[in-house]
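Good morning, colleagues. I would ask you to look at the sequence and the model on the screen, and I shall then go through selected features.

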Amino acid sequence: MTLDVMPIDVDAQVDDLPELALIAQYRDGDSSVRFAFLDPALLMPSDINRTFDEPGALDDLLASIPVVGILQALVVTRVADREDAYRILIGHRRHAAALKLGLAIVPCLIVASDGAAQEILSILAENDDRLSLKPSQKAELYHQLTLLDWQPAQIAKARGVRTSEVRAALTLHQLPAAVHEAADDGQLTLDLAAELAEFTDDPKTLAKIMDKGRGTWGFRHAISDARDRRVRNAAADRIFAELTLAGVKVVPTPRDFGYGSKQAALHTLLDANGAPLDPETVKTQPGIFAYIDKQAYGGPQAILFCSDPETFGYVRRVSNGYVSEAERARQAAEAETRAARRAALELAADVRREFLVATFANPKAAKKHHVEALRDAMVDPGRLTYPGQLAELADSIAGASIADTASSAGADRLSRILVARWITSREHQLAELSNGRTWAADTTYVAAHLTRLVELGYELSEAEQSLLAEIQPHDDGTGDDIESDEKIEDDE
């Protein structure tokens, strides 16, 4: 049904009719406009406008139209070759609401059609102003305009936006769906999305950026990292080509290189004559290889190295902790020898401590060694210390629990306690040395202890003899031998 068709002067009334204002900004053809009430059934929605399909998009109109009617006319254009059909340019929501409400007529402005471009621009104008189209939706509509030979500058002028914004949206259209989703969610601006275009030839890198990016600054960091990797990889490829052309074999980075590997960098080696190696001279010789350090400061670098310096006659001038097989075997043998002697010394300690209790656990021995023990206590009180596991030995020599009796003991008992602590502290020093903790033992103190035991009738085991031979003070050739503890005591 068509009623009251009236011509309208667009130029005179465009400021008063918002619908005409949307059309007037981009119309190039016939300016004639007519007003009419049309049957909604005669109106055909645009195939590319689906912004009102979201749930609840029509609720406001379904509530207001029964009360105040349709306040703004729909903008339509006649469908070619059909007298009774019109295509909607602006007003899709109003048309959908009219159909739901069963209205017989709706107010319409009938304009001359400028083709698909006019239809797309009208959709942009209507929906972007009302709903703020998502970036991917704008990108799709801009792309459709380019298919109609519209240039970004034309689109920008028609829409009243910057040309760079249109270009960025067109770039977004070329990117994968994951980028569209990030842009639509507000995680990615159009400008940042445009920067991602440089990675479209590298899907793996683009996927990593999308996985790491979180918000504007997260994406900036991810893009920056990806660019740095691309630059470094390109530089590494150039270095690889140069080395290959020069006849140098390029291999992966050796495991633990520089921190214990058999391989050694050329700048850390000397030749057989003790002269530093010239990398340019030897780089193609047997045993010389290169790897590319992509993470080197200042950019990727080629690291030239020898796979086995000793085999090829080079000398390491910088130790990197590498141990040859022969040296490793020697160290293992030494460790085995030390372990065997430690076990032997532990066995000897049981016998030796029986001797200590038998020899020193009596008042006569305490009286004989009291002065020497007292002297050591005065010179270095810290010497008379021992760990808790040797307390039983000390108590056995003292003839009573030192912890329980020391505070109330008389002179004789105190003398025995002093000697017991003195002997036990020497045993502690000997135990430390037997276990290889040389830094925790006074070798002179231990040597004097073992020598005294021999003088008192103790027979050293082979392991104890070997230990004493290592730590025994020797005559320096001056004739001033060290006096024994026994001689010092006799002098006293």
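I begin with helix 20, residues 462-471, whose buried residues are Ala 463, Glu 464, Leu 467, Leu 468 and Ile 471. Buried here means under 20% relative accessible area, exposed means over 50%, and partly exposed lies in between, with a 1.4 Å probe and protein chains only. Helices are DSSP runs of H or I with at least four residues, strands are runs of E with at least two, and both are numbered from the N terminus. What covers the buried residues of helix 20? The cover includes helix 14 (325-360), helix 18 (411-434) and helix 19 (443-455), where contact means heavy atoms within 4.5 Å.

A word on the basis of these values. This is a predicted model, in which local features need pLDDT of at least 70 and side-chain atom pairs count only at pLDDT 80 or more, while totals for chains, interfaces and linings use all residues. Residues are numbered from 1 along each chain as its sequence is written, and side-chain values use heavy atoms, with hydrogens and water left out.

For the chain as a whole, there are 21 helices and eleven strands. Of the 492 residues in the protein chain, 39% are buried. Among contacts between residues at least 6 apart in sequence, 69% join residues at least 24 apart.

In helix 19 we find Thr 451, which is partly exposed at a relative accessible area of 24%. Leaving aside neighbours within four places in sequence, Thr 451 is in contact with Leu 468 and Gln 472. Thr 451 and Gln 472 are 21 residues apart in sequence, and their C-alpha atoms are 8.8 Å apart in space.

In helix 18 there is Thr 424. Is Thr 424 buried or exposed? Thr 424 is buried, with a relative accessible area of 0%. Not counting residues up to four places away in sequence, Thr 424 touches Tyr 386, Leu 390, Leu 393, Ala 394 and Ile 397.

Next, the packing of helix 14 with helix 16, residues 391-398: the angle is about 25° and the axes are 8 Å apart. Axes are lines fitted to C-alpha atoms, for helices over the stretch in contact, and angles run from 0 to 180 degrees between N-to-C directions. The two helices are therefore roughly parallel to each other, a term for angles under 35 degrees. Arg 353, Leu 356, Val 357 and Phe 360 in helix 14 meet Leu 393, Ser 396 and Ile 397 in helix 16. By class, this contact has five nonpolar, one polar and one charged residues. Nonpolar covers Ala, Val, Leu, Ile, Met, Phe, Trp, Tyr, Cys and Pro; charged covers Asp, Glu, Lys and Arg; the others, Gly among them, are polar.

I close with a backbone detail. Asp 256 lies in the loop between helix 12 (215-245) and strand 7 (264-265), and is exposed at a relative accessible area of 51%. The phi of Asp 256 is near 55°, a positive value in a residue other than glycine. Most residues other than glycine have a negative phi.

How values were computed: Parallel < 35°, antiparallel > 145°, perpendicular 65-115°, else oblique.
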